[in-house]
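You asked for a short note to read beside the structure.

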Amino acid sequence: MTSTSSSLKPIIEARDVDKHFGAFHALKKVNATFYEGQVTAIIGPSGSGKSTFLRTLNRLETHDTGSIKVDGIELNDDLKNLDAIRREVGMVFQSFNLFSHLSILRNVALAPIRVRKMSKEAAEAKALALLERVGLKNQAEKYPVQLSGGQQQRVAIARALAMDPKVLLFDEPTSALDPEMVNEVLAVMRELAHTGITMLVVTHEMGFAREVADRLIFFDHGTILEDSSPAEFFSNPKHDRAKAFLTQVRHGF
Amino acid sequence: MNWTKQHPGLAMFAAMIGLLLFLWGMAVPLSWAPDPIGQAAQQFAEGTRMTVLLTLISGSAGVVLGVLAGLGKLSSVPPLRWISEFYVWLIRGTPLLLQILFVWLAVPTLLPDSMQISDFACAAIALALNIGAYNAECVRAGILAVPHGQVEAARALGLSPFQTFVDITLPQSMRVALPALANNLASLVKDSSLAYAISVVELTMVGYRVQAESYQPIPVFVTIAVIYLILTTAFTSLTAALESQLDVGRKR
Ligand SMILES: Nc1ncnc2c1ncn2[C@@H]1O[C@H](COP(=O)(O)OP(=O)(O)OP(=O)(O)O)[C@@H](O)[C@H]1O
Ligand SMILES: [Mg+2]
């Protein structure tokens, strides 16, 4: 699979996306097109704008100028468009953000009931099936605090999947986890990657990026510095900043 | 109170039943007491019922006012914010007794003659306005205590701002706000005694009358104090039970 194969259908098109936080220029005319079924790893130094970019794609952050289209729908102040897009784009957060007052089952079933207007029975049956898929069916009646970090993140993935999104955004899904829990989450993500869902994964897990991603984007100072395949990036980074970053990563931080 | 922590549902139920039994049957044991208490048992029972009624009515209205004003203070619409802030500032900066007297003396002059309200209603309105202002602070603090990530997760799933508020923000804010609200309710039991100033025949007024007739203030006021203690203890165990009920999903 090549990253820019023209036979693939574009699902996210970001054009000249610019974003400031006050005087700070967080995104500088970022251009990128993501295709259906593609798994993209987004890496880069801390503060380079990876999270900001991901969060503009479902408008948790608004962009100042430029345009973002998701599945052909323009992302702007139009609330109808925003609702339509958020139904198609799921997000998994570094800090899980499970609803702490709801049971695991309810966490997963809530959005299908409220947003897709599914019946409670259908939504809970679906939630149970998804929990089984991430290996947590037997935890359905518990509350988020009763689960380990790795388990919580798997629930968060199930919760996002319950809306049948076309795109899943991951913002450092394993960074808040104890080392022994990282793999159980990566295993779920690896399995997902083979189902044809589009994934954008901000990560520091270079092994995962190399093994699972179709495409690798290197962010630096609010711009995309390199956009290539993982194999090419890891064996032959073009920019000095990317080389420096890789050296640092290889030595562990 | 460890017992209420372990069995919150039971404790809540027990407090409610206890309160009802107490109100219902209070005249009986009191009538066995020596005079001047025994002969006034019926008056004590009625005064207690009045106090509880006043507390429950103004307490419920005060919760509604508190939620509205608390939301108003956080509103992005400036006039709503100003109105809410002015209301809280006004009520918290003036004595409750003055507020009661104001509603009793000033409001009737503003209303047409056909719409005059009872002393009891005046007291209930003044108490509701008063506790509402204090509740507003609790509600606001509760909403501010909800982590932003919870709202982001709901919005990212496609829930509307209104659904996010009803399903996520409001229930989670109650974990912080409800114990404080229930505490306010327990103080309201005592604050309602100020209604005696506008001749509402609640518990304190009954005590005042009975001691005036019997010339025995000590046994009368001790009885009144014990009744207040029983009421506030019932409300406080309710609060404690509520608190541990809301701990679901927070602590292990
Ligand atoms: N809400 C905000 N207000 C002000 N500045 C912000 C805000 N969010 C992010 N920034 C700034 O924008 C820059 C990019 O932040 P971003 O979170 O996108 O970085 P990142 O690449 O995800 O970094 P990390 O690897 O540490 O998560 C940072 O310098 C950050 O301080
Ligand atoms: Mg980040």
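Predicted model: local features only at pLDDT ≥ 70, side-chain atom pairs only at ≥ 80, totals over all residues.

1. Surroundings of the ligand. The residues around ligand 1 include A:Phe21, A:Phe24, A:Pro45, A:Glu172 and A:His204, together with the run A:Ser46, A:Gly47, A:Ser48, A:Gly49, A:Lys50, A:Ser51 and A:Thr52. Sorted by class, this shell holds seven polar, three nonpolar and two charged residues. Helix H1 of chain A, residues 50–56, supplies the largest share of the shell, with three residues.

2. Polar contacts. The side chain of A:Ser46 places a polar atom 2.6 Å from an oxygen atom of ligand 1. For A:Ser51, an N or O atom of the side chain is likewise 2.6 Å from a ligand oxygen. At A:Gly47 the backbone takes part: one of its polar atoms is 2.8 Å from an oxygen of ligand 1. Of the 630 Å² of accessible area that ligand 1 has on its own, the protein covers 60%.

3. A covered strand. In strand S7 of chain A (residues 167–171), five of five residues are buried. A:Val167, A:Leu169 and A:Asp171 point to one side, while A:Leu168 and A:Phe170 point to the other. In a regular strand, side chains alternate between the two faces of the sheet.

4. S7(A) runs parallel to strand S6 of chain A (residues 89–92), joined by four bridges; A:Gly90 has A:Leu168 as its bridge partner. Five bridges link S7(A) to strand S8 of chain A (residues 198–202), also parallel, and there A:Val167 is partnered by A:Thr198.

5. S7(A), helix H6 of chain A (residues 179–193) and S8(A) form a right-handed β-α-β unit.

Technical notes: Residues numbered from 1 in each chain as written. Chains lettered and ligands numbered in written order. Heavy atoms only, no water. Near = heavy atom within 4 Å. Polar contact = N/O pair within 3.5 Å; in protein donor to acceptor, adjacent residues only side chain to side chain. Areas by Shrake-Rupley, 256 points an atom, 1.4 Å probe, with all protein chains shown as cover. Helix = DSSP H or I, 4+ residues; strand = E, 2+ residues; numbered from the N terminus. Nonpolar A, V, L, I, M, F, W, Y, C, P; charged D, E, K, R; others polar. Buried < 20%, exposed > 50% of the residue type's maximum accessible area, 1.4 Å probe, protein only. Pairing = 2+ DSSP bridges. Right-handed = clockwise from strand over helix to strand, strands pointing away.
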